[in-house]
Amino acid sequence: MSDFDPGRRRFLGHLGLAGLGALGASSFLSACASSASGPTTGKGSGAVTIQSNLSSPQAKEAMEKLIANFNAQGKGSASLNTIASETFRTQLPTYLTSANPPDLYTWYAGSVANDYASKNLLLDVSDVWKSMGDYPQSLRTLSTEASGKQIFMPMNNYWWGFFYRKSNFAKWGVQEPKTWTEFLALCETLKSKGVPPIGIGLGDTPWVASAWFDYLNIRINGAPFHRELLAGKQRFDDPKVKAVFTRWREALPYFDPKGKAYPFQEATTALLAGKTGMFLIGTFFADAAPKDALGDLDFFRFPIIDPAVPLAEEAPTDGFFASAKTANPAGTKALLTYLSGVEAQEAYVKASSGIVLPANPKAKASDSPLVVKGKAMLDEAKELTQFFNRDSSDALQPTADTALTKFLDKPDQIDAILREWQAGAEKVFKG
């Protein structure tokens, strides 16, 4: 269901989140809607209010259909308020700490949800999970906070990869690479044809660069080291991290020089128009792609660098959590129960771009070759990671945005950049 925030961003110009108490009060709530399918609060009608960051046209329409279907069942009522993704991200702490918060939120599992739960801001939905017996333990674990309560309901997950247009690869006479050496050779071929090989959209979405860091780190140092690094148990100025940037420098000559100026949405447009060769991005980008282009899209996994490192892939999980201060916990849980079901998740996949994998194991994903290939890639992985801020925190994301964009501008200053990154991370971890 990704609209990436990721905002991702969405996906994640990551504005740093100050402490939960540092953002404004609830007076901001009604001002931040870019479009709404219902009132900001539905307390008077008893409706469950949903604050959604899924603002791309297809994702927004898919959510609207889900809520309409739920309301038609007569088991409760809900209203949807769709917010521009970047606004949603920066205002989420305000929503949750306001006196009269929305009931339910689209967001994602991981450290951010757990952090809100540790501040007693999220509703315990463990009883909803009692009706979700078919869900795998991996998703239950991902949705459980430190004290053992479930505070998240997964809707779907998706994958990251190098996306490209099949027709363009055929026109250019190139094929998918499997190794880093083959990848660099592909880049050189595209560059020789006058095509910027690698798209990148850093304009107001600098978090996109984190995908490169994540993948290089899990390919070189492995997923366990990556998680420890993002949890403050390893150092960003460690030689192992410098090795990541040494490899990254090999690819820098192949990045689209215009990509630093525009966000990932425009980088998507450039890819579809054949102005770049490929783009490391999550499947959420397809929500903004014309439907007639979807059949021409394909992807390959981030190339293997060290075959001895267990294979890991980025597979963020999206879904919902609810405010602990909801005035209608029963209605909120009824809606979550509906959203966890096969009917709702298949309806969402059908109404959206379809390039997501439903969380409910009994729900059918799209049978498109792209989705089949994506699922197979994740099934083959030995480990799954989420994304930088999901495996760490939104508070750490700005340190990555600063370090990575500076590296792309001044790759010869990597030692100083990593020292600065470590200093910034220490401030986050030590509060």
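The dialogue below goes through some features of this predicted model and the criteria behind them.

Student: How many helices and strands does the chain have, and what share of its residues is buried?

Tutor: The chain has 18 helices and 13 strands. Of its 431 residues, 58% count as buried. The chain exposes about 16,200 Å², and carbon and sulfur atoms supply 53% of that area.

Student: Why are β7 and β8 called paired strands?

Tutor: Pairing requires at least two bridges between two strands. β7 and β8 (residues 278–282) have two bridges, in the parallel sense, so they meet the criterion.

Student: What makes β7 and β9 edge strands?

Tutor: The open sheet has four strands in the order β7-β8-β6-β9, with mixed pairing. β7 (198–199) and β9 (297–300) each pair on one side only, and that makes them the edges.

Student: Which helices lie across β6 and β9, and at what angles do they run?

Tutor: Helix α11 (residues 264–272) lies across β6 (160–165), β8 and β9, and runs at about 135° to β8. Helix α15 (residues 369–380) lies across β6 and β9, running at about 15° to β9.

Student: Why is the contact between R219 and E313 called a salt bridge?

Tutor: The cut-off is a side-chain nitrogen of Lys or Arg within 4 Å of a carboxyl oxygen of Asp or Glu. The side chains of R219 and E313 meet at 3.1 Å, N to O, so the pair qualifies. R219 lies in helix α8 (residues 208–220) and E313 in strand β10 (residues 312–314), so the bridge ties together parts that are 94 residues apart in sequence. The structure holds 21 salt bridges.

Student: How do you know whether R219 and E313 are buried or exposed?

Tutor: Buried means under 20% relative accessible area. R219 has 3% and therefore counts as buried. E313 has 0% and is also buried.

Student: Why do R247 and E250 count as partly exposed?

Tutor: Partly exposed covers the range between the buried limit of under 20% and the exposed limit of over 50%. R247 has a relative accessible area of 31%, and E250 has 32%, so both values fall in that range. Their side chains also meet in a salt bridge at 3.5 Å, N to O. R247 and E250 are three residues apart in helix α10 (residues 239–251), so about one helical turn separates them.

Student: How do you know where the buried residues of α13 sit around the helix?

Tutor: The buried residues of helix α13 (residues 329–339) are G331, T332, L335, L336, Y338 and L339. Around the axis they cover an arc of only 160°, so they lie on the same side of α13.

Key. Residues numbered from 1 in each chain as written. Predicted model: local features only at pLDDT ≥ 70, side-chain atom pairs only at ≥ 80, totals over all residues. Heavy atoms only, no water. Buried < 20%, exposed > 50% of the residue type's maximum accessible area, 1.4 Å probe, protein only. Areas by Shrake-Rupley, 256 points an atom, 1.4 Å probe, with all protein chains shown as cover. Contact = heavy atoms within 4.5 Å. Axes fitted to C-alpha atoms, helices over the stretch in contact; angles between N-to-C directions. Arc of directions from axis to C-beta.
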